[in-house]
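Thanks, everyone. I have one structure to go through today, so please have a look at it on the screen and then I will start.

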Amino acid sequence: MPKQFDLLIFDWDGTLMDSAGVIVDSIQRACVDIGLPTPTEHASRQIIGLGLVQALQALVPDLPADDYPRLVERYRKHYLGRDAAIPLFPGVVDGIRALHSSGFQLAVATGKSHVGLSRALDTSGLRPWFCATRCADQTHSKPHPAMVLELIDELGADPARTLVIGDTSHDLLMAANAGVASLGVTYGAHEAASLHPHAPAALLDSFDEVYAWLDANA
C-alpha cells in the first residue's frame, strides 16, 4: 500500500518518554513546597501536555499571579533532579529509527521547554531521527494548532499527509484544530475515555502497537 502520511509529529512526555509519573510527583511536591493542598493524581495528569505555566495556572487557578514563578521554580527543582533517569517506553528507540529509515519525516510537538526537550533528545539518543521540533515556549501551547502548522510550514509538508501521535486530549485537540489526523496512545497521561471523543484514527496501548499500526497503515 502507498503511504498515507509523510510527516509524523510525536508528542514527547507520555508518548515517547515514560515521564507522566515523575511529572505528577513533581507537581504535587511543588504545591506542598509553597503551602498548597496536594492535587490529586488525576487532576495533575489532566494538565500534562500544556506549557508549564499554563498547566499550573489551570491546576491552581486561584493562586496569586506573583506566586506562579515560585511554583514553577519548585516544580523544576523536583523534575530536573530526576529527568536524566526517566526511560523511554519500550520499543521507542528501534521504532523511531525504523520509521525514519522508512522515509517518514519525524517531528516533535511538546509542552516541554526548548531547553528541556533539547536535553531529553540528547539524553535519549533520539536527536538524529527528528528533523524539527516545536515547544511550548517557542509558540502557542497546545491545544492551539500553531505547533503543528509551524512544523508543516517549516518542513513543506501537506496537512492531509500529516499525523499527530499523542497521549493527551490536548494533543488530539491540537491536531483537530490544525485540520490533521491523529493517533491516540493510552499508556501515557490521559485515559482512553478522554481521548476517544477527539476521533483519533486508532487508540493504541503500547509503543510497539504504535509502530505496528504505522507500519501497516501509515
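Arginine 119 and aspartate 83 form a salt bridge, with their closest N and O atoms 2.8 Å apart. This is a predicted model, so please keep that in mind for everything I say. Between domain 1 and domain 2, the rule finds one salt bridge across the interface. The polar contacts there come to eight residue pairs, both partners at pLDDT 80 or more.

Let me step back to the domains themselves. The assignment gives domain 1 as 7–18 plus 87–217, and domain 2 as 20–84. Taken over C-alpha atoms, the two centres are 23 Å apart.

How much area do domain 1 and domain 2 bury between them? The value is about 1,200 Å², and 46% of it is on carbon and sulfur atoms. Within domain 1, the residues that lose the most area to domain 2 are Arg119, His170 and Ala189, which together account for 30% of what that side buries. Arg119 is also the residue I opened with, in the salt bridge to aspartate 83.

Now the other salt bridges. By this rule the count comes to 14. Aspartate 11 pairs with lysine 142, with the closest N and O atoms at 2.9 Å. Aspartate 11 sits in the loop between strand S1 (7–10) and helix H1 (20–33), and lysine 142 sits in the loop between S3 and H7, so this pair ties together parts that are 131 residues apart in sequence. Are these two residues buried or exposed? Aspartate 11 and lysine 142 are both buried.

Another pair is aspartate 25 with arginine 82, again a salt bridge, with a closest N to O distance of 2.9 Å. This one also links distant parts of the chain: aspartate 25 is in helix H1, arginine 82 is in the loop between helix H4 (68–80) and helix H5 (92–101), and they are 57 residues apart. Aspartate 25 has 22% relative accessibility and therefore counts as partly exposed. Arginine 82, at 31%, counts as partly exposed too.

Then there is aspartate 122 with arginine 127, whose side chains meet in a salt bridge at 2.6 Å, N to O. Arginine 127 is at 35% relative accessibility, so it counts as partly exposed. Going back to lysine 142, salt bridges with shared partners join Asp11, Lys142 and Asp171 into one network.

The peptide bond between lysine 142 and proline 143 is cis, with omega at about 5°. Proline 143 is in the loop between strand S3 (132–135) and helix H7 (146–155).

That brings me to H7. Its buried residues are Ala146, Met147, Val148, Leu151, Ile152 and Leu155. They pack against S1, S2, S3, strand S4 (162–166) and helix H8 (169–178). After H7 comes glycine 156, with a positive phi near 65°.

Alanine 199 has phi at about 55°, although it is not a glycine. Where is alanine 199? Alanine 199 is in the loop between helix H9 (192–195) and strand S6 (203–204). With 62% relative accessibility, alanine 199 counts as exposed, since the cut-off for that is over 50%.

Last, lysine 112. This residue is in the loop between strand S2 (105–110) and helix H6 (114–124). Its relative accessibility is 11%, and because buried means under 20%, lysine 112 counts as buried. What does the side chain of lysine 112 make polar contacts with? One is with the side chain of aspartate 13, at 3.4 Å. Another, at 3.3 Å, joins lysine 112 to the side chain of tyrosine 79. Leaving aside neighbours within four places in sequence, lysine 112 is in contact with Trp12, Asp13, Tyr79, Leu117, Ala120, Cys135, Ala136 and Asp137.

That is what I have.

Key:
Residues are numbered from 1 along each chain as its sequence is written. This is a predicted model: local features need pLDDT of at least 70, side-chain atom pairs count only at pLDDT 80 or more; totals for chains, interfaces and linings use all residues. Side-chain values use heavy atoms; hydrogens and water are left out. Domain bounds come from an automatic or database domain assignment. Buried area is the accessible area (1.4 Å probe) that two parts lose on being put together, summed over both. A salt bridge is a side-chain nitrogen of Lys or Arg within 4 Å of a carboxyl oxygen of Asp or Glu. A polar contact is a pair of N or O atoms within 3.5 Å; within protein, one must be able to donate a hydrogen and the other to accept it, and residues adjacent in sequence count only if both atoms are side-chain atoms. Helices (H or I, at least four residues) and strands (E, at least two) are DSSP runs, numbered from the N terminus. Buried means under 20% relative accessible area, exposed over 50%, partly exposed in between (1.4 Å probe, protein chains only). Contact means heavy atoms within 4.5 Å.
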